[in-house]
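Here's a quick briefing to read with the model open next to you. Have a look at the fold, then work through the points below.

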Amino acid sequence: MTDLRILLFFVTVPWIFCDAARTSKVVPKQKGSLKVIGDEEIIPESTIVMEAKKPKKKVILTTDYESPAETDDEGPGVDHKDDKELPTCLMCVCLTGSVYCEEVSPDMTTVPPLPKETAYLYARFNKITKITNKDFGNIATLRRIDLSGNLIIEIEDGAFSKLDQLEELTLADNKLVKLPMLPTKLVSLNVNHNLLKTKGIKANIFKKLTKLAYLYLGDNALEAIPQLPESLRVVHLHNNNITSLTDDTFCKGNNTHYIRYNMQEVRLDGNPITLAQHPNSFICLRALPIGHYK
């Protein structure tokens, strides 16, 4: 029995040590001490420490350079010289030297502020009721103004007086009862379809306009023909209340040799007057006026 126990001791003890060796791995010493983790991979402790000390990257959020927040937050000293022009060019179409404000919605009841370089303004078919001296006072570059199809009742006398470059003025289809002072370089004036009477037009208002070539006064309430400049080529006076003509209306009664070479077209149709009864009134014209002769 004693011999059997000794045999079992020598067989069992080596087996126990071999099993322990299989469950524990030893690797050569590296920088730092080794950490044994059962059957898992062995990781140097120095590596673990270094990983723990690595700082996290700092993330900084920045707004996109096109974001509205950045554009709204402007610092001092930003140039806002075009701010006054911006609303007009949002409501209207602004091209180089031209502003188009036609049938603007919501309703346009006054002349909008204009860019200083404006040469042509088209503000037709709106609800403008009055033209003031300030509306065009600082726009010396204007050459053409079209305000037809509005509700203009009044134009202050000096509204156009400073417009030295103005050549064309259209005020047709409004409710004017009188005309203001007109710029001296005016070439064309259209005030058809208004409520103008002879007393609302100063006697020599057109006579001073030495470059005026086209004058449209049709569809008003004129009782007489105003004095006309020599430069006129076309004058429309149709559909008024004109009842009489004189020898000096178009011609010079005391000069039978006078010929009005510039005048090409005169319209007097739609008036309560028979032109055949006033032959000396247009003897100087190169063409007979359009109107009733019988």
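The protein chain exposes about 19400 Å², and carbon and sulfur atoms supply 56% of that (areas come from the Shrake-Rupley method with a 1.4 Å probe, and for residues only the protein chains shown count as cover). Keep in mind that this is a predicted model, in which local features need pLDDT of at least 70 and side-chain atom pairs count only at pLDDT 80 or more, while totals for chains, interfaces and linings use all residues. Residues are numbered from 1 along each chain as its sequence is written, and side-chain values use heavy atoms, with hydrogens and water left out.

**Overall build**
- You'll find four helices and 13 strands in the protein chain (DSSP runs numbered from the N terminus: H or I of at least four residues for helices, E of at least two for strands).
- Buried residues make up 35% of the 294 in the protein chain (buried is under 20% relative accessible area, exposed over 50%, partly exposed in between, with a 1.4 Å probe and protein chains only).
- Take the contacts between residues at least 6 apart in sequence: 41% of them join residues at least 24 apart (contact means heavy atoms within 4.5 Å).

**Leu-212**
- Leu-212 sits in the loop between β10 (188-190) and β11 (214-216).
- Leu-212 counts as buried because its relative accessibility is 0%.
- Ser-188 is 24 residues from Leu-212 in sequence, yet their C-alpha atoms are 6.0 Å apart.
- Beyond its neighbours within four places in sequence, Leu-212 touches several residues, including Leu-186, Phe-206, Pro-229 and Leu-232.

**Aromatic pairs**
- The whole structure has three aromatic pairs (Phe, Tyr or Trp rings, using the six-membered ring of Trp, with centres within 6.5 Å; planes under 30 degrees apart are stacked, over 60 edge-to-face, the rest tilted).
- One of them is Tyr-100 with Tyr-122: the ring centres are 5.0 Å apart and the planes at 10 degrees, so this pair is stacked.
- Tyr-100 is in strand β4 (residues 98-100) and Tyr-122 in strand β5 (residues 120-122), so the pair ties together parts 22 residues apart in sequence.
- Tyr-100 is partly exposed at 32% relative accessibility, while Tyr-122 is buried at 12%.
- Phe-282 and Tyr-293 have ring centres 6.2 Å apart and planes at 85 degrees, so they pair edge-to-face.
- Both Phe-282 and Tyr-293 lie in the segment after β13 (265-267), 11 residues apart.
- Phe-282 is buried, with a relative accessible area of 8%, whereas Tyr-293 is partly exposed at 29%.
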